[in-house]
Amino acid sequence: MLVENDYEVKKLTSLKVGGKVEKVIFPENLDEFAACLQEYPDAFVCGNLTNTLVSTDGYNGVLILTTKMTNFSIEGTRVQAECGLKGPKLSQSVAEKGLSGLEFMVAFPGTIGGEVFMNAGAHGQMIKDVFIKGQFFDREQNKITTLTKDEMDFSYRTSICQKRNLTVLSAEFELTEKPADEIKAKMKENLDFRHTHQPSLALPNCGSVFRNPEGNSSGRLLEQAGAKSFHIGGARVWENHANFIINDGRATSTDILELMLMMYNSVKEKSGITLMPEVRYLGNKNKKEEDICKILYQNSIKM
Ligand SMILES: Cc1cc2nc3c(=O)[nH]c(=O)nc-3n(C[C@H](O)[C@H](O)[C@H](O)COP(=O)(O)OP(=O)(O)OC[C@H]3O[C@@H](n4cnc5c(N)ncnc54)[C@H](O)[C@@H]3O)c2cc1C
């Protein structure tokens, strides 16, 4: 199992921000993963770091990255996938078999674990629609457990994993048979939409910065508040959609958080609505970051 000390994690994040992490572990199978979770009960677990802002001051702790655990199997309409498998890979594989339900996953680079944790979704589909059951490591009870969909407490961008200390090991999905051509056409439509409405990874970003408030759109609220012209240090709001932050290559985690606070305040002042961050934070906070996180994440369930 690969273990890196004082590892520069920045290159692995989609935002291209982050300092040195004391220890990064890459388990290669679920047994190794469970053993790591037992050995390091306080370790932070991440997948492909596409929804995580890592501190420029790094992290004095253990980070377990799941991206080497990528096995999956398809039996009839049932699909089982390990937590580190990337969504686009699974989406394309099931499409080849004429299985529908994961067309949304083609469009963004999260892992199955991150997607279950976040109840990820797009283009009218989400994890909740296809999830049947999953294997989890319960870090409070220190044991492996199985949870069914009814026990997952899924709602918009959240799941039981954000309330209890549950780590996703693998997940099982029930899909629907459909002609492969139709599925692929839907995937192409999703990708085409992305190309015009969202920044590609060539522009370092972490997807939507804020969750949509119920019945509203963060992008629209931010645009109305004038956020498209906001920038701080190496971080700027994307000119085509105000709910994305782009790192021009120089941004620090403080730049990103300061810009998030500016966006948050602008919407609060303009419309009285309190935005909640979708992006998660990991690492050592300086005083300024500590103060900003207290405001931005005051209503979040778990960081
Ligand atoms: C260009 C772009 C477009 C995006 N578009 C969308 C979109 O349309 N819809 C959407 O929902 N998201 C979108 N995202 C955000 C992101 O890809 C998803 O939230 C994805 O689910 C995160 O997966 P990850 O593996 O990268 O998670 P990470 O960033 O690695 O982790 C995110 C959170 O999940 C937790 N986590 C990760 N793995 C596990 C695990 N095995 N067990 C328990 N917790 C875990 C982490 O602790 C962290 O809190 C986009 C991101 C980018 C960069």
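Which helix and strands each supply at least two residues of the shell around the ligand? In this predicted model, local features need pLDDT of at least 70, side-chain atom pairs count only at pLDDT 80 or more, and totals for chains, interfaces and linings use all residues. Residues are numbered from 1 along each chain as its sequence is written.

Strand 3 (44-46), helix 3 (112-118), strand 9 (121-122) and strand 13 (166-174) each supply at least two residues of that shell; helices (H or I, at least four residues) and strands (E, at least two) are DSSP runs, numbered from the N terminus. Helix 3 provides the largest share, five residues. In total, 33 residues surround the ligand, the closest being Gly47, Gly110, Gly113, Gly114 and Gly207 (a residue is near if its C-beta atom, placed from the backbone, lies within 6 Å of the molecule). Domain 1 (2-65) and domain 2 (72-196) each contribute at least three residues to the shell, with domain bounds taken from an automatic or database domain assignment.

The largest nonpolar core comprises 43 residues, and Leu53, Ile256, Met260 and Met263 have the most contacts inside it. Such a core is a set of buried Ala, Val, Leu, Ile, Met, Phe, Trp, Tyr and Cys residues joined through C-beta atoms within 7 Å, where buried denotes 20 or more other C-beta atoms within 10 Å of the residue's own, these atoms being placed from the backbone. Helix 7 (residues 253-271) gives the most to this core, seven residues. Because domain 1 (2-65) and domain 3 (218-296) both give residues to this core, it lies between them. A second, separate core of 39 residues includes Leu85, Leu102, Val106 and Ala171.

Methods: Buried ≥ 20, exposed ≤ 12 C-beta atoms within 10 Å, placed from the backbone.
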